[in-house]
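Please read them with the structure open.

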Amino acid sequence: MSVATLLTPATSAEPDGQRTGLLARADERSYVRVLVVLDTTILIIALLIGYVTRFGEGEPTGSEIPYVLVAPGLVLAWLISLKALGCYDDRVIGYGADEYRRVSSASLRLAGAIAIIGYIADVGVSRGFLGISFAVGTVGLEVARFAARKRLHRARSLGAGWSRKVLVVGDTAHVLELVHTLRREPYAGYQVVGACIPDALLAPVAQRLGDVPVVGSFRGIPEAATAIGADTVAVTASGELTATRLRRLGWQLEGTGVDLVVAPALTDVAGPRIHTRPVAGLPLIHVEAPEFRGVRKLVKGFVDRSVSSLALAVLLPLIAFIALAIKLDSRGPVLFRQVRVGRGGQEFGVFKFRTMVVNADALLAELAARNETDGLMFKMRHDPRVTRVGRLLRKWSLDELPQLVNVLLGQMSLVGPRPPLPSEVARYDGDVARRLLVKPGMTGLWQVSGRSDLSWEDGIRLDLYYVENWSLTADLTILWKTFGAVLNGRGAY
């Protein structure tokens, strides 16, 4: 696609930038106020639970400590600790794990400080009261932040809610790539409102880069940000943006309230693998290699087998009930065993509850033209081969419960890429084949991000991201999100 095609004349007037910026900042302050009120409420409830649990409904005996004064002071100190550790910083709230880490850190540090001060000053505050209050309060704060974030994410996905207004700066190709990446996850809260491109590409008439308005060139980035009400300037790759010009841009944005972020060409690499180290005045980004073996892999395998064996024991009555329902619903076996490809290209038989008629494979050729997805998979929203019980099992992902046996046998993991068919693997190119470096999983990023509603390209991107950046913490997060995805039922057919 040529630059002339990408840069098209604008057809409508842009909204007033100053007003847009003021509204965005007002939405941000409103969200922070909601968090403060929510945190205060949680802390008051936590202290009440701590007091009632420790002392009951009566007054503590043998104590000269006025808990009616201790509680408000503790709430105030807790809120100050949250503020001091940046738990209300607009750069961390609403997206990413840093917000949760800061909330936990603020609570633990305050608990440690009070424990030390109480020991040194010999203050007779009940340790049971403090322990219960801090435990309940920390968990409550995390849960409240999670609930507030989910509501914010829903609003952002609908085009509402507080978001950062971003001015993207760079070459046309890199601007489009960054815009596509940010729009892929609208709940992250980065709304692109304009772009600045090299001087040579700027025309005397209004232009758009795709559907993004071009509001200036590299010569007037601060003025362009002010004009459209942007609170963030995101700089991507460009030959004209030298280190000197980028440093001067940072100076020009000082005191304007506009943040400067640099988006490197490196994408789909998780934070724990990235380390910035200053060398000779240069902030060099060091990227650690993915880990495919070692102690963490052994721990992951142990967790997989332990959880799968426990889950099989607990879910045995449900598994028996499903087996009976399948047998009564249609002719054929209860279980369906299909050859899939695992780690290192090794084939294995994956177990699933049968959700289709017995001659489903023979009927596939007749339905090939009705495939509703791109790439190498076949997906059809109203597949006539699916049985009545099968539709219910697929909606709630119950057909995948027998895969716990595959996990127990070490052929699969609880979390990982989607297990591919041999016919898919035969057509893999070099990049896609990296999915086979780890065990396939019962659930994964594909499962919690839309399942069959995702395109082939997005599914592969998510699988490769997991392969490159897996961690035990990420696995726990995906398992937690899987419950929500299953209850939602989106993309399950």
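1. Buried is used here for residues under 20% relative accessible area, exposed for those over 50%, and partly exposed for those in between (1.4 Å probe, protein chains only). By that rule C87 is buried, because its relative accessibility is 0%. C196 is likewise counted as buried, at 0%. A disulfide is taken as a pair of cysteine sulfur atoms within 2.5 Å, and a search of the whole structure finds zero of them.

2. On the basis of these notes: the model is predicted, so local features need pLDDT of at least 70 and side-chain atom pairs count only at pLDDT 80 or more, while totals for chains, interfaces and linings use all residues. Residues are numbered from 1 along each chain as its sequence is written, and side-chain values use heavy atoms, with hydrogens and water left out.

3. Helices (H or I, at least four residues) and strands (E, at least two) are DSSP runs, numbered from the N terminus. Helix α3 covers residues 67-84, 18 residues in total. From first C-alpha to last it reaches 25 Å, close to the expected 26 Å; the expected span is 1.5 Å times one less than the number of residues.

4. Which residues of α3 are buried? They are Y67, L74, V75, W78, L79, S81 and L82. These residues lie on the same side of α3, because they cover an arc of only 160 degrees around the axis. The arc is that of the directions from the helix axis to the C-beta atoms. L69, L76, I80, K83 and A84, on the other side of α3, are exposed. Just after the helix, G86 has a positive phi of about 75 degrees.

5. Helix α7 (residues 221-228) has I221, P222, A224, A225 and I228 as its buried residues. They line one face of the helix, since they fall within an arc of 165 degrees when seen down the axis of α7. G229 follows α7 and has a positive phi, near 75 degrees.

6. A positive phi also occurs at S397, about 60 degrees, although this residue is not a glycine. S397 lies in the loop between α12 (388-395) and α13 (403-408). With 11% relative accessibility, S397 counts as buried.

7. A salt bridge is a side-chain nitrogen of Lys or Arg within 4 Å of a carboxyl oxygen of Asp or Glu. The count by this rule is 15. One of them joins the side chains of D39 and R145, at 2.8 Å from N to O. This pair links distant parts of the chain, with D39 in helix α2 (residues 17-55) and R145 in helix α5 (residues 127-157), 106 residues apart. D39 and R145 are both buried.

8. In helix α4 (residues 98-121), how far apart are R101 and D98? They are three residues apart, so about one helical turn separates them. Their side chains form a salt bridge at 3.8 Å, N to O. R101 is exposed, with a relative accessible area of 55%, whereas D98 is partly exposed at 26%. D98 also meets R102 in a salt bridge, at 3.1 Å from N to O. D98 and R102 are four residues apart in α4, so they too are separated by about one helical turn. R102 counts as partly exposed, at 24% relative accessibility. Salt bridges that share partners also join D39, E99, R145 and R149 into one network.

9. V295, V299, F302, V303, V307 and L472 make a nonpolar surface patch of about 500 Å². Patches are made of residues with over 30% relative accessible area and no salt bridge, with like charges joined within 9 Å and nonpolar side chains (Val, Leu, Ile, Met, Phe, Trp, Tyr) within 5 Å. Accessible areas come from the Shrake-Rupley method with a 1.4 Å probe, and for residues only the protein chains shown count as cover. Helix α9 (residues 295-314) gives the most to this patch, with five residues. V295 lies in α9 and is exposed, with a relative accessible area of 62%.

10. L409 lies in the loop between α13 and β12 (413-415). L409 counts as exposed, at 52% relative accessibility. L409 and R305 are 104 residues apart in sequence, yet 7.8 Å apart in space, C-alpha to C-alpha.
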